Amino acid sequence: MPDPSLDLEDLTRQVLNSEKYRSISPELVKDLLTRELARRAKPREAVKAVRSKLHQVGSAYQEKPPPYTAWLADLASLPPDLRDPAVLSFIQRVLPAHASTRERVPILPRFFRECLAELGEISSVLDIACGLNPLAIPWMPLKQDFTYTACDIYADMIGFLNQFFLHFQVNGSASHADVTQTIPDVEVELTLVLKTIPCLEQLDKDAGRFVLNAIRSPNILVSFPARSLGGRSKGMVQFYEQHFHALVSGQPWRINRFEFPGELAFLIRK
Ligand SMILES: C[S@@+](CC[C@H](N)C(=O)[O-])C[C@H]1O[C@@H](n2cnc3c(N)ncnc32)[C@H](O)[C@@H]1O
């Protein structure tokens, strides 16, 4: 008789049975559980290890599940114009709910403008492991009728981003994807891989190289944190700069480097 404690559906429910993890894609949880069960004696330990991984790669960036219901109510009362001051102030209120975009708020007026200056106005973007970054669209140099594709692992985040696109009539869509396994199959001019490689490498040590090779767009904006979540910055720029160069070594790609307070970025032109 199979050991009932090894039922993958049941263990998945155990992992997801907490406010922090409830909205995470069950496929990702099952995949991580399968890997942990192969190397641990007790299913309970595998559940604990998967929760700890999910904390490191996702929940650590959101102190608690963001108040999407309240935000959707606010969104409904806003004019459908991404340049409207009331909309910009709503976005600036929402972005700090995710640590990655919170850290980017002070540099938003410069970040995309400076990193993407060489590309002119962009017609299509893929934002992988996006967090709340699609809300920074008003600060990106985009063509009038741009398209925007985004993915992450949280169902509630994806639902909110799709409502955001709908409200502002952005030709965009957000969906679930575990980008350590697959990159959404869309033809775009630019892919954003912002502050994500160190997270993905906690799930799979080869994920950084996989992602950079699998992305088909001619331009990729990659960035790394220049400070830890706790605020320490010692040596991080040098560390991630070396790591990035190791990931792209041997590739014939052109690379531009940009350094901002809190974020180190590279524009790859394939
Ligand atoms: C450090 S945050 C970066 C967020 C965003 N790119 C930014 O810079 O604002 C990492 C993001 O990766 C997402 N993530 C973690 N593992 C993932 C995976 N396997 N596939 C897709 N997204 C993932 C997390 O939910 C989180 O939103």
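# Briefing: eleven helices and a seven-stranded sheet

The secondary structure of the protein chain comes to eleven helices and seven strands. Both kinds of element are DSSP runs, numbered from the N terminus: helices are H or I with at least four residues, strands are E with at least two. The radius of gyration is 19 Å, close to the 18 Å that the globule rule gives for 270 residues, so the chain is as compact as a globular protein of that length. That radius is taken over C-alpha atoms, and the globule rule is 2.2 Å times the number of residues to the power 0.38. Along its principal axes the C-alpha trace spans about 60 × 50 × 35 Å.

This is a predicted model: local features need pLDDT of at least 70, side-chain atom pairs count only at pLDDT 80 or more, and totals for chains, interfaces and linings use all residues. Residues are numbered from 1 along each chain as its sequence is written.

**The sheet**

- Seven strands form an open sheet with mixed pairing, in the order S3-S2-S1-S4-S5-S7-S6. Two strands pair if DSSP finds at least two bridges between them.
- Strand S3 (171-176) and strand S6 (254-260) are the edge strands, and each pairs on one side only.
- Neighbouring strands are turned by 15° against each other on average, direction ignored. Axes are lines fitted to C-alpha atoms, for helices over the stretch in contact, and angles run from 0 to 180 degrees between N-to-C directions.

**Strand pairs**

- Strands of a sheet pair through backbone hydrogen bonds, either parallel or antiparallel.
- S1 and S2 pair in the parallel sense over six bridges. Here Asp127 stands opposite Ala150 in S2.
- Strand S1 (residues 122-128) also runs parallel to strand S4 (residues 190-194), joined by three bridges. Val125 stands opposite Leu190 in S4.
- S6 and S7 pair in the antiparallel sense over seven bridges. Ile255 stands opposite Ile268 in S7.
- S6 and S7 form a hairpin with two residues between them. Gly262 in the turn has a positive phi of about 90°.

- Two residues are in contact if their C-beta atoms, placed from the backbone, lie within 7 Å.

**H4 against H8**

- Helix H4 (residues 68-76) and H8 pack at an angle of about 5°, with their axes 11 Å apart.
- That makes H4 roughly parallel to H8. Angles under 35 degrees count as roughly parallel, over 145 as roughly antiparallel, 65 to 115 as roughly perpendicular and the rest as oblique.
- H4 brings Tyr68, Trp71, Leu72 and Leu75 to the contact, and H8 brings Asp156, Phe160, Gln163, Phe164 and His167.
- These residues divide into six nonpolar, two polar and one charged. Ala, Val, Leu, Ile, Met, Phe, Trp, Tyr, Cys and Pro count as nonpolar, Asp, Glu, Lys and Arg as charged, and the others, Gly among them, as polar.

**H1 against H2**

- The axes of helix H1 (residues 8-16) and helix H2 (residues 26-39) come within 10 Å and cross at roughly 115°. H1 and H2 are therefore roughly perpendicular to each other.
- H1 passes H2 in a right-handed crossing. A crossing is right-handed if the near helix is turned clockwise from the far one by less than a right angle, and left-handed if anticlockwise.
- Leu8, Leu11, Thr12, Val15 and Leu16 in H1 meet Pro26, Val29, Lys30 and Leu33 in H2. Seven of the contact residues are nonpolar, one is polar and one is charged.

**H1 against H3**

- The axes of H1 and helix H3 (residues 43-57) come within 10 Å and cross at roughly 45°. H1 and H3 are therefore oblique to each other.
- H1 passes H3 in a right-handed crossing.
- From H1, Leu11, Gln14 and Val15 meet Pro43, Ala46, Val47, Val50 and Arg51 in H3. This contact divides into six nonpolar residues, one polar and one charged.
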